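I opened my notebook to record what I looked up in this structure. The entries follow in the order I made them.

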Amino acid sequence: MIHARGLTRRFKVKRAGVEAVRGLDLDVEAGQLVAFLGPNGAGKSTSLRMLTSLLPPTSGTATVAGCDIVTDPAGVRARIGYVGQKNSAGENYRVRDELVTQGRCYGLTRARAHRRADEVLGLLGLEPLADRKPGTLSGGQRRRLDIALGLVHRPDLLFLDEPSTGLDPHSRAEIWEHILRLRAEYGTTLFLTTHYLEEADSMAERVVIIDNGRIIADGTAERLKSDLAGDRVTVTVGEEPDAARAAEVAARIAAPGGVGTEGTTVRLRVARAGAALPEYLRSLEAIGVKVATAETARPTLDDVFLALTGRSLGDDDSHSDA
Ligand SMILES: Nc1ncnc2c1ncn2[C@@H]1O[C@H](COP(=O)(O)OP(=O)(O)OP(=O)(O)O)[C@@H](O)[C@H]1O
């Protein structure tokens, strides 16, 4: 559904050049749900804009839904839906009319545009709001309308740029319910960016992480976490000198560079906490270090990013709940 090779985009800012996307290689098969993650400025939107044919690449090639993004942008646009970060509906017409107008823009006949408007209203649970004006909708309802607008022409592939950002947890869950339904019932391929790492982790079957314009990780969330981050073990000991001794022991069982201490707390990254913790506790007991508390945690996608870059995706304000 998406095949990109060496996709690159440079921008000129004053005299300097910014390489926003550097040699993106990507293959997405039909029916996949892919979450595209990365810190602010990583190149997500620029990639999306190139793949949706809104921005020409500086170099590289891509076909999207079978059409070349450079030589057949109209073909791409007819076959994909794109839901950007900003609201797409106007304020003057009612919800159903907005959808009909959108369908007409895509070349549907009047009758077909009406039929499709009713179908997407049903699909996104918007029927009770069909006669309201977009300006009177809540944030979550408005976002569902944006998605409905992206679906009127029945695309096989839908790009969503941060579909749940800024919504309350209930509305976010609702948006996801509809996204997952779309995929289950229609097999729509979904390619979305999100700042909410736990959403990407639990909902997407594939996670692609971009940093500084390059893809640095690509796989299932489980795979990335176990291959790249490992479990976390946190142990607190009675006194600070014991923490230093506990850290020395930890260095023997942890992943390279995977030990940190802070006061009386020692943190380790290990492949499997279930096996590593009992061994660690036995070793500490053998050298007379008294352990006050011991906890284990599965890694997050942020741990994956941290392991790969030494930075946290959460360092960025806009990723506050990541
Ligand atoms: N039109 C432009 N002119 C100049 N530089 C640009 C332009 N668009 C993007 N950039 C730069 O390209 C880089 C990538 O930006 P992009 O918007 O693709 O990142 P992003 O990952 O989508 O970030 P965010 O999460 O903040 O939306 C940034 O350094 C940005 O400043």
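**The shell around the ligand**

I asked which element gives most to the ligand shell, and α1 supplies the largest share, three residues. Helices (DSSP H or I, at least four residues) and strands (E, at least two) are numbered from the N terminus. I noted that this is a predicted model, where local features need pLDDT of at least 70, side-chain atom pairs count only at pLDDT 80 or more, and totals for chains, interfaces and linings use all residues. Residues are numbered from 1 along each chain as its sequence is written.

I then listed the shell. F11, V13, V18, A20, G38, N40, G41, A42, G43, K44, S45 and T46 surround the ligand. To be near, a residue needs its C-beta atom, placed from the backbone, within 6 Å of the molecule. At least two shell residues come from each of β1 (2-13), β2 (16-28) and α1 (44-51). I sorted the shell by class: five nonpolar, six polar and one charged. Here Ala, Val, Leu, Ile, Met, Phe, Trp, Tyr, Cys and Pro count as nonpolar, Asp, Glu, Lys and Arg as charged, and the others, Gly among them, as polar.

**Domains**

I looked up the domain bounds, which come from an automatic or database domain assignment. Domain 1 covers 2-225 and domain 2 covers 231-298. Their C-alpha centres lie 44 Å apart.

**Helices α3 and α5**

I checked how α3 (residues 95-105) packs on α5 (residues 139-151): the angle is about 25 degrees, and the axes are 9 Å apart. Axes are lines fitted to C-alpha atoms, for helices over the stretch in contact, and angles run from 0 to 180 degrees between N-to-C directions. The two helices are therefore roughly parallel. That word needs an angle under 35 degrees; over 145 is roughly antiparallel, 65 to 115 roughly perpendicular, and the rest oblique.

Which residues meet? V95, E98, L99 and Q102 in α3 meet L145, A148 and L149 in α5. Contact means C-beta atoms, placed from the backbone, within 7 Å. By class, I have five nonpolar, one polar and one charged residues in the contact of α3 with α5.

**Helices α9 and α10**

I turned to α9 (residues 240-253) and α10 (residues 273-286), whose axes come within 10 Å and cross at roughly 140 degrees. That makes α9 oblique to α10. From α9, A246, V249, A250 and I253 make the contact, with A276, E279, Y280, S283 and L284 from α10. I classed the residues of this contact as seven nonpolar, one polar and one charged.

Conventions
Contact = placed C-beta atoms within 7 Å.
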